[in-house]
Amino acid sequence: MKINQRTLALIAVSIATIIYGLNYTIAKEVMPTYVKPYGFILIRVMGATAIFWILGLFIKSQKIEKQDYKKIGLAALFGIGLNMLSFFKGLSLTTPISASVIMVTSPIMVLIFSSILIRKPIGKQRILGIIIGLIGTVLLITYGNSSDSSATNSNWETF
């Protein structure tokens, strides 16, 4: 049985989405009892680095232009470092449900603001995506609950 590229891509995206969704609950369970948010990021980044280096041994590498190193460094700082540190610190101060609601509304807000600021048209598919995202957000707010009563949305005193 041969799997075509599209099916393989959909399977990979589905697995990544499941892992991403589990991330909230798993991370909240281990923070801060077993590991602090910044330690969690250190473990995660070092683990990913090790995996990519090992995979790099089997894949032909491409030459990186010198001017691209600055872009890679900035992307690593903002895309990995600052983004993940902020997310995990925020997750340690709130519930997984609240964190997932904020994360699901972020792309919706980017789409809406890009439409307003740079006048990018929102097509039917994007409108459907916004509706599905908003339905998910409403369901999470309405029916989501957390067994962790110590983490509430008003837990600012520990910041």
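Predicted model: local features only at pLDDT ≥ 70, side-chain atom pairs only at ≥ 80, totals over all residues.
1. The pocket's lining consists of R44, V45, A48, T49, F52, W53, L55, G56, I59, I80 and M84. Two elements, α2 and α3, each give two or more residues to that lining. The largest share, 8 residues, comes from α2.

2. Now the core. The largest nonpolar core is made of 11 residues: Y24, A27, M31, V35, F40, I41, M84, F87, F88, L91 and A99. Two or more residues come from each of α1 (5–30), α2 (37–56) and α3 (68–93). The biggest contributor is α3, with 4 residues.

3. M84 deserves a look in both places. M84 is among the residues lining the second largest pocket, and M84 also belongs to the largest nonpolar core.

4. What does I41 touch, leaving aside its neighbours within four places in sequence? I41 is in contact with M84, L85 and F88. Both I41 and F88 are core members.

5. Next, the geometry of α3. At 1.5 Å a residue, its 26 residues should span 38 Å, and the end C-alpha atoms are 36 Å apart, so the two values agree. Still, α3 bends by about 25° at L77.

6. Which residues of α3 are buried? They are G81, M84, F87, F88, L91, S92 and L93. These buried residues pack against α1, α2 and α4 (96–117). An α-helix has 3.6 residues a turn, so residues three or four places apart point the same way. Among the buried residues of α3, M84, F88 and L91 can be checked against that spacing.

Conventions:
Residues numbered from 1 in each chain as written. Heavy atoms only, no water. Core = buried A, V, L, I, M, F, W, Y, C linked by side-chain atoms within 4.5 Å. Buried < 20%, exposed > 50% of the residue type's maximum accessible area, 1.4 Å probe, protein only. Contact = heavy atoms within 4.5 Å. Expected span 1.5 Å × (residues − 1). Bend = angle between axes of the 7 residues up to and from the residue. 1 Å grid on protein atoms, 1.4 Å probe; cavity = no way out; pocket = protein on both sides within 12 Å on 5 of 7 lines; lining within 4 Å.
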